Amino acid sequence: MTPVSPIELDIAFQAKGATDPAWHRDDSAHEGDGKDDLQRDRDRIDRLTDSWSTRANVRKSGPDLTLDFDPRKPDFLTELLPFHDHPLYQKAPEEFKQAALSCGWIAYNEKTVAIESKIVSPACMHLIDGDVAGFPRHRYRSSVAQALTDEAFHVLLVVQATGVTRQRRRLNELVLPSFELVGSMQQLQETHSESWKKILIQLATAVVSEVMVSEYLSRLSNAFDIQPLNRITTEIHRRDESAHNGLFKSLGAVIYHGLNAREREFFVGALSQPSMWFASPELDVWEAMLNQIGFPNAERIIADCRAQRRGKEIHLDLSTLETLFADLGVENSLRERALSV
Ligand SMILES: [Fe+2]
Ligand SMILES: [Fe+2]
């Protein structure tokens, strides 16, 4: 039986805890763009900043990398594979299905590294460096630097955890192409020559990613049947991200309110796209990984997934976007225009 580590006990204790910690209270569901709302955002950023030294996982002991590795346990959840219901996947030999799950865990984490390093960290540096007109950088430099520190720690977390997987599953040589989420943001930035637009696209993608990443992590952090180190690693990350969720909504509100009318309109338009990019099944990455592990009928499986995706209309998740606009205090006229595009 896998021994229960101190962090596991801590997680179990917190899961049973009756009350949410103060920094996790969701007081963001407010309408309008009045001064009270902005004050609430400032208060929330201050509260999160003050609690960082006791809540941030970079300040605590990390996961126990010596946890028993059970080769019979899957590294990832089957239902998170974009082709899990494809008949050719289902009838593949078990060893290939297990290898695909190991690839799924590695890709999940490499995508996390890409989000942290290519989307969120550069956005934090723009705020720290004062590249965003109207953003009171000196007031929030520490808060943003704390978040940046958290993200660097998350890169370490997943590099360590996937290092164990790569070594134990003999996937050290697995190479992944870049992710659609990052590529889509960069393509949009390239269509604009003005640096303020590129920066606002970066910030909008970071805000949306930080709002969505908690849910992305929570599916795996609740999966008790997978490799324990993988679940615990994801749970530690999720805890930090539950604080970032509120922090980046409030930073987004402060950014928005510091912009002029033209910048606001552009920022709101930029916010409406990343949720769609975030939902990408990353089929190019899957195609590369399945081919590298010699998965039977890999090309056919991926081609069918692509055809199925082309056949479906990809819709924006309007309810998530409406909630985000309300949280940021976006004016009604801009909200309606962005949602009707
Ligand atoms: Fe993170
Ligand atoms: Fe984060």
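Q: Okay, where is Asp 304 found?
A: Asp 304 is in helix H12, residues 298-311. Helices (H or I, at least four residues) and strands (E, at least two) are DSSP runs, numbered from the N terminus. Residues are numbered from 1 along each chain as its sequence is written, while chains are lettered from A and ligands numbered from 1 in the order in which they are written.

Q: What's pLDDT, and what is its mean for the protein chain?
A: It's the predictor's confidence in each residue, from 0 to 100. The mean for the protein chain is 87, and 88% of its residues reach 70 or more.

Q: Where does pLDDT stay under 50?
A: Over residues 1-33, for which the model has 39 contacts beyond four places in sequence. Two residues are in contact if their C-beta atoms, placed from the backbone, lie within 7 Å. Where pLDDT is low, the predicted coordinates should not be read in detail.

Q: Back to Asp 304: why does it count as partly exposed?
A: Because Asp 304 has 16 C-beta neighbours inside 10 Å. A residue is buried if 20 or more other C-beta atoms lie within 10 Å of its own, exposed if 12 or fewer, and partly exposed in between, with C-beta atoms placed from the backbone.

Q: How far apart are Asp 304 and Phe 83?
A: They're 221 residues apart in sequence, but 8.9 Å apart in space, C-alpha to C-alpha.

Q: New topic: how many helices and strands are there?
A: The protein chain has 14 helices and 0 strands. As for burial, 39% of its 341 residues count as buried.

Q: Which residues of helix H9 are buried?
A: In H9 (residues 261-271), they are Phe 267, Val 268, Ala 270 and Leu 271. These four cover an arc of only 160° around the axis, which puts them on the same side of H9. That arc is taken from the directions from the helix axis to the C-beta atoms.

Q: And what's on the face turned away from the buried side of H9?
A: The exposed residues Ala 261 and Arg 262.

Q: What do the buried residues of H9 pack against?
A: Four helices: H7 (195-221), H8 (228-258), H13 (318-328) and H14 (332-340).

Q: Which residues have the most contacts inside the largest nonpolar core?
A: Leu 203, Ala 204, Val 207 and Leu 271, in a core of 73 residues. A nonpolar core is a set of buried Ala, Val, Leu, Ile, Met, Phe, Trp, Tyr and Cys residues joined through C-beta atoms within 7 Å. A second, separate core has 7 residues, including Leu 157, Val 158, Ala 161 and Ile 232.

Q: What does Ala 204 touch?
A: Not counting residues up to four places away in sequence, Ala 204 touches Phe 267, Ala 270, Leu 271 and Pro 274.

Q: Last one: what is phi of Arg 170 near?
A: Near 55°, a positive value in a residue other than glycine. Most residues other than glycine have a negative phi. Arg 170 sits in the loop between H5 and helix H6 (180-190). Asn 297 also isn't a glycine, and its phi is positive, about 60°. Asn 297 lies in the loop between helix H11 (283-292) and H12.

Key. Predicted model: local features only at pLDDT ≥ 70, side-chain atom pairs only at ≥ 80, totals over all residues.
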